[in-house]
Amino acid sequence: MTALERRKERLVAFIRKVWDEGDADAADHYIAHSYTIRHDPGDLWDGRTLDLIGFKDRVQKSRAAFPDQAFDIQDMLAEGQNVVMSWFWSGTHKGDLPGFPATNRIIRMSGATIYTFDSEDRLNGHWQITDRLGVFQQLQRNK
C-alpha cells in the first residue's frame, strides 16, 4: 500500500469513527498534537489551531445539534501530504442551534475538504468549503 492509499484509508476510518459514530476519544489515534482549521467559513473554529482536547471539544459541540450525522464520501484524491474528500452530509436536527430550535427534521449539506497529514500520517488540519447557505435555508423552512 502506498503512502497516499494509506492516508485515504486513515481518513475514511477517521470520518467513520470520530464524525459519524461520535467517538471523540478516537481522535487520539488520528489527530496530531495540533490541528489547524485553515479555512472553514461559518465554522466557529475557523482560523484556529486546536490541541487534541480542543479538537475533541469541537467534535462534541459540532455533533450536539445533529447526533446522528453521517458523511457519504463521494470521492477522494491524494497528493503529497493532502487528501481531498468530496462528500454529502446529513443529520437529524435534534439540538438547538443559535436562532434555530430543534426541528427533528433531516438536514443535508455538501462540501469538499482538503485534509493535511503530518509525517506520522496524523491529521493536522483542513481547508473546507461547504454549502452552509443551503443548511440555513433548510433550517429557515423548518421553523
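Q: Is Ile 129 buried, partly exposed or exposed?
A: The model is predicted. In it, Ile 129 sits in strand β6, residues 123-130. Its relative accessibility is 45%. Buried would need under 20% and exposed over 50%, so Ile 129 counts as partly exposed.

Q: Within what arc do the buried residues of α4 fall, seen down its axis?
A: Helix α4 covers residues 132-141, and its buried residues include Gly 134, Val 135, Gln 138 and Leu 139. They line one face of the helix, because seen down the axis they fall within an arc of 140 degrees.

Q: Against what do the buried residues of α4 pack?
A: The exposed residues Leu 133 and Arg 141 are on the face of α4 turned away from its buried side. The buried residues of α4 pack against β5 (106-117).

Q: Is Asp 121 buried or exposed?
A: Asp 121 lies in the loop between β5 and β6. Its relative accessible area is 7%. The cut-off is under 20%, so Asp 121 is buried.

Q: Which residues does Asp 121 touch, not counting those up to four places away in sequence?
A: Asp 121 is a buried loop residue. With sequence neighbours up to four places away left out, Asp 121 touches Arg 6, Arg 7 and Arg 10.

Methods:
Residues are numbered from 1 along each chain as its sequence is written. This is a predicted model: local features need pLDDT of at least 70, side-chain atom pairs count only at pLDDT 80 or more; totals for chains, interfaces and linings use all residues. Side-chain values use heavy atoms; hydrogens and water are left out. Helices (H or I, at least four residues) and strands (E, at least two) are DSSP runs, numbered from the N terminus. Buried means under 20% relative accessible area, exposed over 50%, partly exposed in between (1.4 Å probe, protein chains only). The arc is that of the directions from the helix axis to the C-beta atoms. Contact means heavy atoms within 4.5 Å.
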